[in-house]
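Subject: Handing over the structure

Hi there,

Here is the structure I promised to pass along. Please have a look at it before you read my notes.

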Amino acid sequence: MAKILVVGGAGYIGSQMVKQLLKANYEVVVFDNLSTGYRDAVMGGEFVLGDLANRESLKQLFEQYSFDGVMHFASFIQVGESVLKPSKYYRNNLSNTLNLLDEMVEHNVKKLIFSSTAAIFGEPQYIPLDEKHPKKPINPYGLSKWMVEQILQDYDSAYNFKSVCLRYFNAAGADPEGEIGERHLPETHLIPLILQAASGRREKITIYGEDYETPDGTCIRDYIHVVDLCNAHLLALEQLLEEKPSAVYNLGNGEGFSVRQVIDTAKKITNQNIKIDMGQRREGDPARLVADSSHAKIALQWQPRYADLEKIVADAWQWEQKMLLKTL
Ligand code: UFG
């Protein structure tokens with residue numbers, strides 16, 4: 001079976017990917033510096049503690065193993081922080097990614113699945129967003145990802161390096177078997193924050209603005225279950241391994257939910273009262289982000305299995321209760 005390197009395999013999405021790769025009988029090696037990931041989130045395969053900033057350790061990794069493909073999840077993801085600390089984002093998301101790409105080229109491993117983001121589009125010019133939507137990122141996080149996407153095009157032309165860029169909308173939910181889930185420190189994402197308010201680990205949830213041009217005034221996002229997201233990676237990997245050309249796909253459910261709708265769903269699932277605070281708009285939040293994922297559905301034959309928001313919230317709630325027990 002193919003041997004896959006999962007960079008950032010101890011993080012929220014990377015660890016779910018490792019679990020699904022192992023289930024699909026791939027051999028897995030995880031490379032992670034544990035700066036935001038957790039060793040106990042890696043459910044199997046081999047684990048190598050290392051940093052993409054260190055070319056020497058990358059060289060050793062590629063000399064030790066012969067990989068058929070690489071999946072790259074190791075990046076910083078906070079939009080607000082990227083505005084305040086652009087250097088941190090360009091160093092890791094861009095410069096460290098180049099280290100990985102160059103080591104791959106040097107060792108003739110030329111198949112990469114790259115975690116990109118809806119943040120490359122910037123303020124939407126139309127909804128839903130398809131792959132062709134203009135790319136005008138409005139923060140260093142989005143720009144760092146868009147730069148890598150463009151670099152990958154050049155690597156394909158120059159080195160015959162094949163990649164699939166997967167542009168995530170709002171990754172959410174947790175492992176339905178309850179083994180792994182979201183553990184960001186600090187947590188900034190809506191669903192885990194709401195559920196922490198429901199479990200009592202947090203006092204309340206602050207809604208960032210209710211004066212947007214949406215039916216209830218709060219922002220609309222396209223939440224995609226982390227298992228569905230990882231399934232799309234598996235299908236994309238199969239295509240690369242079958243020597244198919246490079247590609248890009250937007251990954252979402254194609255349905256938007258407002259912040260208030262997510263809170264209402266969480267109230268229903270948890271059966272808890274959730275204290276709400278009305279806050280100001282958060283800088284850089286578009287009113288509405290919804291994916292057109294028809295390209296992925298057709299070309300990858302991908303079909304989200306957990307598109308229902310209640311299922312996404314229920315799985316995240318199962319995980320939050322586990323996290324709560326850990327803190328007691
Ligand atoms: N929100 C709140 N209160 C909170 C947290 C979030 O009202 O305490 C709102 C946000 O304003 C936004 C929505 O909930 O409207 C979702 O916010 P998240 O922070 O969960 O997610 P984002 O849509 O901001 O960001 C996500 C990923 C980013 C990625 C982006 C792409 O986390 O990495 O999608 O658009 F860049």
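This is a predicted model: local features need pLDDT of at least 70, side-chain atom pairs count only at pLDDT 80 or more; totals for chains, interfaces and linings use all residues.

Residues are numbered from 1 along each chain as its sequence is written, and side-chain values use heavy atoms, with hydrogens and water left out.

The ligand. It is surrounded by 22 residues, the closest being His189, Leu190, Thr206, Arg282 and Asp285 (near means that a heavy atom of the residue lies within 4 Å). By type, the shell divides into 14 nonpolar, five polar and three charged residues (nonpolar covers Ala, Val, Leu, Ile, Met, Phe, Trp, Tyr, Cys and Pro, charged covers Asp, Glu, Lys and Arg, and the others, Gly among them, are polar). Strand S8 gives the largest share of this shell, four residues. A backbone N or O atom of threonine 206 is 2.7 Å from a ligand nitrogen, while a polar backbone atom of tyrosine 208 is 2.9 Å from a ligand oxygen. Arginine 221 places a polar side-chain atom 2.8 Å from an oxygen of the ligand. On its own the ligand has 690 Å² of accessible area, and the protein covers 91% of that (Shrake-Rupley method, 1.4 Å probe).

Helix H7. This helix spans residues 226-241 (helices are DSSP runs of H or I of at least four residues, strands are runs of E of at least two, both numbered from the N terminus). Of its 16 residues, 13 are buried (under 20% relative accessible area, 1.4 Å probe, protein chains only). Just after H7, glutamate 243 has a positive phi of about 65°.

The two serines. Serine 115 sits in strand S5, residues 111-117, and it counts as buried because its relative accessibility is 6%. Its side chain makes a polar contact of 2.7 Å with the side chain of tyrosine 168 (within protein, a donor and an acceptor N or O atom within 3.5 Å; residues adjacent in sequence count only if both atoms are side-chain atoms). Serine 163 belongs to strand S6, residues 162-168, and is buried too, at 4% relative accessibility.

Enjoy exploring!

Best wishes

Methods:
Buried means under 20% relative accessible area, exposed over 50%, partly exposed in between (1.4 Å probe, protein chains only). The expected span of a helix is 1.5 Å times one less than its number of residues.
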